[in-house]
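Let's take a friendly walk through a protein model together. Keep the sequence and the 3D view open as you read.

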Amino acid sequence: MRALITGMGGELGTRVANLLEADERFTEIVGIDGYPPRRRTTRAEFHRIDPRDRRKAVLLVRDFDPEVILHLGVYEPNARFEPTEARLGTAASAVSVLGAAASCPSLRGIVVRSGIEVYGRRRGAPSRPDEDARIDPTTPFGRSLAHVEQVAVEAGQVAGVPVTGLRCGPIVGPSFPSPLGRFLRLPLVATPPPLAELPFCLLHQEDAAHAIVAAAGALHDGPLNVVGPGAITASQAIRRGGRIPVPVVGPGWLLAAATAELLGAPLPEHTRELLVRGGVADGAEARRVLGIEPRATDDVVAQLYEWASVAHLTPSSKGAAA
Amino acid sequence: MNVDAIRRGIPGAQALALLQRRARGEFDIDEWGLDPDLVALADPIFAARWDIEVSSAEQLPAVGGAVLVCNRRFGISEPWVLARGVRQATGRFVRTVGVPDVAPVGPFVRRFGGVLDRTDEIAGLLRAGQLVGLPTSRSLRSRVDAGTLEVARLEAALATGAPVVPVALVGRETGRAWRIAIGEPVAIPAAGGPLAAAELAETTRHAVQTLLDDALPASWWL
């Protein structure tokens with residue numbers, strides 16, 4: 001099977017490429033992104049193309065004629081790009097790649113990385129939506145993801161192929177660039193007042209990668225919530241990480257966001273919404289369809305705060321020291 | 001050190017250990033916001049406020065989801081009484097429907113088992129094997145009236161096939177003593193459709209009324 005990965009330069013894209021390389025079902029793997037992969041790849045062929053360069057992207061997709069497209073070119077605000085750049089890159093990547101894919105004769109399926117942010121957290125919204133819940137995004141990132149899903153569904157309809165929208169929980173991990181992960185690792189962390197916060201769930205970066213690869217094999221038609229079982233509140237996570245929670249209400253969040261940005265951990269709107277209004281989804285259908293068992297949210301938090309110990313190497317010879 | 005204190009039976013050692021766990025964030029909270037440790041911490045307060053007697057608790061399923069349809073007068077004590085009574089009798093938590101989605105009240109009440117009044121929310125809880133407390137409408141004038149039950153509120157039970165159990169709550173806001181009478185599960189109509197939902201709502205409401213009539217003494221002037 002010929003697989004095309006968009007967003008291969010990201011942590012998730014590179015890991016998915018590595019997993020596909022180890023799977024014999026995928027005979028040819030091509031990846032595109034504006035930045036090179038984060039790790040060495042063996043079989044996958046990488047093309048450095050800016051997501052906004054529609055002409056190059058369309059040419060590559062049509063020439064390669066993929067059988068399955070793994071669209072991971074979804075950029076979370078403040079993960080690697082500032083919010084406007086992330087929004088524009090996400091939209092451009094979806095339109096050019098998925099638009100071109102619709103006219104590929106060999107296409108058999110499309111897998112899109114989306115997020116549970118598409119459900120939104122408007123007042124009265126379901127606390128733990130399943131895939132049948134109406135999407136009603138309330139943040140720019142949620143709207144961006146909803147747009148990607150819509151483009152993918154339209155492309156799938158034109159091509160007559162199934163589209164799997166993987167609505168992932170907030171993806172974090174020890175080496176994953178995530179605004180939530182950075183924020184939670186600050187020494188002092190703003191949180192809603194105790195007992196006035198709602199729980200959220202998380203997804204480990206490795207589980208997200210495995211879910212994407214499983215979806216490429218299953219080619220399910222429709223959205224799937226991919227989340228770690230269980231939930232945790234912001235102050236709980238902060239305490240487990242040995243950080244100090246600072247209760248914040250109302251306009252205090254503006255000050256907290258500005259301070260966090262100065263400390264190198266900007267707080268985008270969807271992350272703030274997650275901390276205040278929670279964010280959980282029912283992931284039973286994805287576990288059934290994809291046969292995955294993501295690690296529990298508790299374990300994801302524990303790994304978020306784990307730091308590998310530094311081994312100081314002593315030079316064994318004068319040559320090595322030089 | 002705390003474990004030793006608990007073993008030696010030092011008063012308050014268990015509560016202290018629980019508080020220390022909370023300070024470290026080492027407690028569980030479920031996806032709808034229930035905090036079992038906090039419920040355990042607040043239990044002495046509930047015990048001081050309400051003295052609850054539960055009859056026919058064996059009617060409740062030991063595992064799996066069920067909808068407990070109960071009456072309410074003012075609706076202040078009833079959700080707490082139902083949750084504590086069932087927990088005392090069966091060890092299971094009840095998720096009472098009707099929490100406002102406004103901070104800080106909403107998140108706080110959710111810690112004790114409250115959930116939003118939405119069909120999809122109730123269906124999700126039932127699929128997860130939870131007991132859901134569904135109050136009928138308020139009957140402010142009389143405590144012998146079971147209130148009314150909207151047809152749409154039992155849609156989740158019909159969709160998931162969860163048993164519907166009528167429950168009568170008897171007590172006064174001004175008193176400590178409350179009684180919970182649990183009835184036999186109501187048979188779910190085999191045929192689906194709007195008529196089945198209407199019949200189920202009517203049968204359930206009638207069952208709650210019968211339990212109330214049996215539990216309350218007749219008025220002296222009748």
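In which strand does B:Ile182 lie? B:Ile182 belongs to strand β6 of chain B, residues 177-182. Helices (DSSP runs of H or I, at least four residues) and strands (runs of E, at least two) are numbered from the N terminus.

Before going further, a word on what you are looking at. This is a predicted model, in which local features need pLDDT of at least 70 and side-chain atom pairs count only at pLDDT 80 or more, while totals for chains, interfaces and linings use all residues. Residues are numbered from 1 along each chain as its sequence is written, and chains are lettered from A and ligands numbered from 1 in the order in which they are written. The predictor's confidence in each residue, from 0 to 100, is called pLDDT; chain B averages 88, and 93% of its residues score at least 70. The model's scores are ipTM 0.87 and pTM 0.91.

Back to B:Ile182. Is this residue buried or exposed? B:Ile182 counts as buried because it has 23 C-beta neighbours inside 10 Å. A residue is called buried if 20 or more other C-beta atoms lie within 10 Å of its own, exposed if 12 or fewer, and partly exposed in between, with C-beta atoms placed from the backbone. Leaving out residues up to four places away in sequence, B:Ile182 touches several others, including B:Ser55, B:Leu60 and B:Val167. Two residues are in contact if their C-beta atoms, placed from the backbone, lie within 7 Å.

Now look at B:Glu121, which is 61 residues from B:Ile182 along the chain, with 24 Å between their C-alpha atoms. B:Glu121 is one of the buried residues of helix α6(B). Seven of the nine residues of this helix, 119-127, are buried, so the helix is largely enclosed by the rest of the structure. Its buried residues pack against β3 (94-96), β4 (131-135) and α7 (155-160) of chain B. After α6(B) comes B:Gly129, with a positive phi near 80°.

Let's move to chain A. Here an open sheet of seven strands runs in the order β3-β2-β1-β4-β5-β6-β10, with parallel pairing. Two strands pair if DSSP finds at least two bridges between them. β3 (45-48) and β10 (222-226) of chain A each have a single partner strand, so one side of each is left without a neighbour in the sheet.

Within this sheet, look at β4(A). Four bridges join β1(A) to β4(A), and A:Ala3 stands opposite A:Val68. β4(A) also pairs with β5(A) over four bridges, where A:Leu70 stands opposite A:Val111. In a regular strand the side chains alternate between the two faces of the sheet. In β4(A), A:Val68 and A:Leu70 point one way and A:Ile69 and A:His71 the other, and all are buried.

Helix α6 of chain A (residues 205-218) lies across β1, β4, β5, β6 and β10 of chain A, at about 165° to β6(A). Such angles run from 0 to 180 degrees between N-to-C directions, using lines fitted to C-alpha atoms, for helices over the stretch in contact. Beyond its neighbours within four places in sequence, A:Ile212 is in contact with A:Val16, A:Leu70, A:Val111, A:Arg113 and A:Leu166.

Finally, how do the chains meet? The contact takes 23 residues from chain A and 20 residues from chain B.
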